[in-house]
Amino acid sequence: MAVQFRDNYGAIHFHAPPAETPEARATRALAEAVFRQWREEAKVWDIGGEWGS
């Protein structure tokens with residue numbers, strides 16, 4: 001995060017993003033697992049190019 005300003009008159013408030021919900025955490029974990037599985041399958045079949053090996 002970067003904040004840039006010249007003059008400040010008053011209070012500065014920084015708001016953190018809301019905490020990740022269990023559903024969002026599970027969705028992200030599933031997406032990462034599917035991507036890893038696909039990447040490994042692509043290596044076996046020698047398709048997909050370089051995926052950050």
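This report describes the fold, salt bridges and surface of a predicted protein model.

## Overall architecture

The protein has 53 residues, of which 2% are buried. Its secondary structure consists of 1 helix and 0 strands. The accessible surface amounts to about 5,300 Å², and carbon and sulfur atoms account for 59% of that area.

## Helix H1

Helix H1 covers residues 22–45, a run of 24 residues. Glu 20 belongs to the segment before H1, while Trp 45 is part of the helix itself.

Asp 46 follows H1 and has a positive phi, near 55°.

Which residue does Glu 20 meet in a salt bridge? The partner is Arg 28, with an N to O distance of 2.8 Å between the two side chains. The pair is also joined by a side-chain polar contact of 2.8 Å. Once its neighbours within four places in sequence are set aside, Glu 20 is in contact with Arg 25 as well as Arg 28.

Arg 28 also forms a salt bridge with Glu 32, here with an N to O distance of 3.7 Å. Since the cut-off for a salt bridge is a nitrogen to oxygen distance within 4 Å, the value of 3.7 Å for Glu 32 and Arg 28 qualifies. Both residues lie in helix H1, 4 residues apart, which is about one turn of the helix. An α-helix has 3.6 residues a turn, so residues three or four places apart point the same way.

The residues in these two bridges can be described by their accessibility. Glu 20 has a relative accessible area of 35% and is partly exposed. Arg 28 is likewise partly exposed, at 37%, and Glu 32 falls in that class at 36%.

## The Glu 40 and Lys 43 pair

A further salt bridge links Glu 40 to Lys 43, whose closest N and O atoms are 3.4 Å apart. What separation in helix H1 do Glu 40 and Lys 43 have? They are 3 residues apart, and therefore separated by about one helical turn. Glu 40 is partly exposed at 40% relative accessibility, and Lys 43 is partly exposed at 44%. As for shared partners, salt bridges join Glu 20, Arg 28 and Glu 32 into one network.

## Nonpolar surface at the end of the helix

Which residues form a nonpolar patch on the surface? The patch is made of Val 44, Trp 45 and Ile 47, which together have about 380 Å² of accessible area. Trp 45, located in helix H1, has a relative accessible area of 60%. Because the exposed class begins over 50%, Trp 45 counts as exposed.

## Summary

The predicted model contains 1 helix and 0 strands, and 2% of its residues are buried. Its charged side chains include the network of Glu 20, Arg 28 and Glu 32 and the pair formed by Glu 40 and Lys 43. Val 44, Trp 45 and Ile 47 supply a nonpolar patch on the surface.

Notes:
Residues numbered from 1 in each chain as written. Predicted model: local features only at pLDDT ≥ 70, side-chain atom pairs only at ≥ 80, totals over all residues. Heavy atoms only, no water. Helix = DSSP H or I, 4+ residues; strand = E, 2+ residues; numbered from the N terminus. Buried < 20%, exposed > 50% of the residue type's maximum accessible area, 1.4 Å probe, protein only. Areas by Shrake-Rupley, 256 points an atom, 1.4 Å probe, with all protein chains shown as cover. Expected span 1.5 Å × (residues − 1). Patch = residues over 30% accessible without salt bridge, like charges linked within 9 Å, V, L, I, M, F, W, Y side chains within 5 Å. Contact = heavy atoms within 4.5 Å. Polar contact = N/O pair within 3.5 Å; in protein donor to acceptor, adjacent residues only side chain to side chain.
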